[in-house]
Amino acid sequence: MRPKDGHGNAVPYRIHTGGEEEMTKTASQHEVVSAEKWQAARVELLKKEKELTRLRDEISKQRRELPWEKIEKKYVFDGPKGKQTLADLFESKSQLIVYHFMLGPGWKEGCPSCSYLGDHFDGTLPHLAARDVRLVAISRAPFVEIEAFKKRMGWKFPWYSSNGTDFNFDYHVSQSKEEAGKAEVYYNYAMQKFPAEERPGASVFCKDAAGNVFHTYSTYGRGMDIFLGTYHWLDIVPKGRDEDGLKFSMAWVRHHDKYDKGYSVDGKADYVQPAKK
């Protein structure tokens, strides 16, 4: 059985470690051919890439055609403007994306994997706004703790606290009292093991002209993979994501202020929830 990562998914991709010596070893394992043969091989792969693109487009179409769920419960969040409802978070937009960021009450810092994803948010904000979309993060930590970590990371994206509400529990991204101590929890539409109190996910909402809010989509686990631009750049280089052999596939990921000269990867490490203060 393949090992699982900290988000409950099978470990993908390749063996880690690196440097020039490893790159030389990798190159020696590949056939070196003429330009003509290289192009022929590339064209064959392009056929499959196009198939994947067409399939992705079709799945995206089916995603947009899913039925909607009307939100009847009134959620109130804490943010820079004080208390705001879910409808308020849309501001002037009709579409809202919520990233369920793993930062629990009393944690010293946010989840490194969520932070890796969070590093991709700020550059998207003006482009999403141009398409009638607002992107926000929501965590169960109190707002003052969110603000402190956000400042440390240098992020600008809007981030709210759901502390004291049912929001995280209703969207299955925080451990409920009933789940405490159980071997499996409900996550990603199935019962499974999960190593932390908080869980990652993304949920989409739409607001109509009358102010009604609808839940249109939620995704979890490797469903977030498409939002990780760094991973997709890594997918086109010879060593790929370089994660085979890691017990937890994202064990190499650090908060962006922790990639120092002493950076190393423990291939036997499990996912560890950030410590509490």
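**Start at a strand pairing**

Select Ile 138 and Tyr 160: Ile 138 sits opposite Tyr 160, which belongs to E6. Keep in mind that this is a predicted model. Now show strand E6, residues 159-161, together with E5: the two run parallel and are joined by 3 bridges.

Next, bring in E4 (95-100) on top of E5 (133-139). E4 and E5 also pair in the parallel sense, this time over 6 bridges.

Are they buried or exposed? 7 of the 7 residues of E5 are buried, so the strand is largely enclosed by the rest of the structure. Both of its faces are covered: Val 133, Leu 135, Ala 137 and Ser 139 are buried on one side, and Arg 134, Val 136 and Ile 138 on the other.

**On to the largest pocket**

To find its centre, select Arg 56, Ser 60, Ile 226, Phe 227 and His 232, the closest to it of the 44 lining residues. E5 turns up again here, as one of the elements giving two or more residues to the lining; others include E4, E9 (201-207) and E10 (213-220).

Which element gives the largest share of the lining? Select H2: it supplies 14 residues. Finally, colour the lining by residue type, and you'll get 25 nonpolar, 10 polar and 9 charged.

Methods. Residues numbered from 1 in each chain as written. Predicted model: local features only at pLDDT ≥ 70, side-chain atom pairs only at ≥ 80, totals over all residues. Heavy atoms only, no water. 1 Å grid on protein atoms, 1.4 Å probe; cavity = no way out; pocket = protein on both sides within 12 Å on 5 of 7 lines; lining within 4 Å. Helix = DSSP H or I, 4+ residues; strand = E, 2+ residues; numbered from the N terminus. Nonpolar A, V, L, I, M, F, W, Y, C, P; charged D, E, K, R; others polar. Buried < 20%, exposed > 50% of the residue type's maximum accessible area, 1.4 Å probe, protein only. Pairing = 2+ DSSP bridges.
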